[in-house]
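Dear colleague,

I am passing on the model that we talked about, together with some notes on what came out of going through it. Please read the notes with the coordinates open beside them.

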Amino acid sequence: MKIIVGLGNPGLRYRRTRHNLGFMVVAALARQRHFRFQRSRFHCAQAEGQIGKEPILLVRPHTYMNLTGRCVSPLLQQTACSIDNLLVVCDDVNLDLGRLRLRPHGTAGGHKGLDSIIHHLQSQAFPRLRLGIGRSPTSMDMMSYVLTPFSRREWPLVHDMIERAVQAVETWIYHGIEEAMNRFNRKRGELQ
């Protein structure tokens, strides 16, 4: 089984914010594949199905971002899923809006959700797909910035990024992390 965890904060207040891009990607993948989310005892909504021959579990934690590891760790234990079959999808202020970056492992890079997962798993050795939201163009503090909704002007780029992120997740499922990195870590328009 492969588990794809989209990071975000629960509740309507956060639904269209920068910090909820992970939720948006797993929701888009679920819609495309006709998976249905249901509440789980692991403090999350989860949707099960198959992509190709691969059993897939999509997860949206119901914990707040800085407590995400409380959902992910017991879920991995219960499903006996290996850590390299976990893909975490999250926002990243260090990438320009619209950029994607897949990595097979790494640090939290200041992301509270990744930090919580690393803490609870006691490992950094899980793949992650980071979605660029860019830095605040104003002097707004980082916490406030990531909790603001995208502007109307930004949404076309955000929708395109979500679509490419879904393709990146599917490439990871079918072909592995290296192939997904080769296809999606480039800037739009770069030669392959």
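Strand 5 (residues 86–92) has 7 of its 7 residues buried, so it is largely enclosed by the rest of the structure; buried here means under 20% relative accessible area, with exposed set at over 50% and partly exposed in between, for a 1.4 Å probe and protein chains only. Helices (H or I, at least four residues) and strands (E, at least two) are DSSP runs, numbered from the N terminus. This is a predicted model, in which local features need pLDDT of at least 70 and side-chain atom pairs count only at pLDDT 80 or more, while totals for chains, interfaces and linings use all residues. Residues are numbered from 1 along each chain as its sequence is written, and side-chain values use heavy atoms, with hydrogens and water left out.

On one side, strand 5 runs parallel to strand 1 (residues 2–6), to which 4 bridges join it, with Gly6 opposite Val89 of strand 5. Strand 5 is also joined to strand 7 (residues 128–132), again in parallel, by 5 bridges, and there Val88 has Arg128 of strand 7 as its bridge partner. Two strands are taken to pair if DSSP finds at least two bridges between them. The open sheet has 7 strands in the order 2-3-4-1-5-7-6, and its pairing is mixed. Its edges are strand 2 (38–40) and strand 6 (100–103), each of which pairs on one side only. Strand 6 and strand 7 are paired in the antiparallel sense over 4 bridges, and Arg101 stands opposite Arg130 of strand 7. On average, neighbouring strands of this sheet are turned by 25 degrees against each other, direction ignored; axes are lines fitted to C-alpha atoms, for helices over the stretch in contact, and angles run from 0 to 180 degrees between N-to-C directions.

Not counting residues up to four places away in sequence, Leu131 touches, among others, Leu21, Val25, Val89, Met161 and Ala165, where contact means heavy atoms within 4.5 Å.

Val59, in strand 4 (residues 54–61), is buried with a relative accessible area of 0%. Its C-alpha atom is 8.6 Å from that of Leu7, although Val59 and Leu7 are 52 residues apart in sequence. Leaving aside neighbours within four places in sequence, the contacts of Val59 include Ile3, Val5, Phe37, Cys44, Cys71 and Leu75.

Two helix pairs deserve a look. The axes of helix 1 (residues 21–33) and helix 5 come within 9 Å and cross at roughly 65 degrees, which makes helix 1 roughly perpendicular to helix 5. Helix 2 (residues 69–79) packs on helix 3 (residues 112–121) at an angle of about 40 degrees, with the axes 8 Å apart, and so helix 2 is oblique to helix 3. For these words, angles under 35 degrees count as roughly parallel, over 145 as roughly antiparallel, 65 to 115 as roughly perpendicular and the rest as oblique. Residues in the contact between helix 2 and helix 3 include Val72 and Leu76 of helix 2 and Ile117 and Leu121 of helix 3.

Helix 3 also lies across strand 5 and strand 7, running at about 150 degrees to strand 5. Its buried residues are Gly113, Leu114, Ser116, Ile117, Ile118 and Leu121, and these pack against helix 2, strand 5 and strand 7.

Lastly, some backbone angles may be worth checking. Most residues other than glycine have a negative phi. Ala80, in the loop between helix 2 and strand 5, has a positive phi of about 60 degrees and counts as exposed, at 68% relative accessibility.

With best wishes
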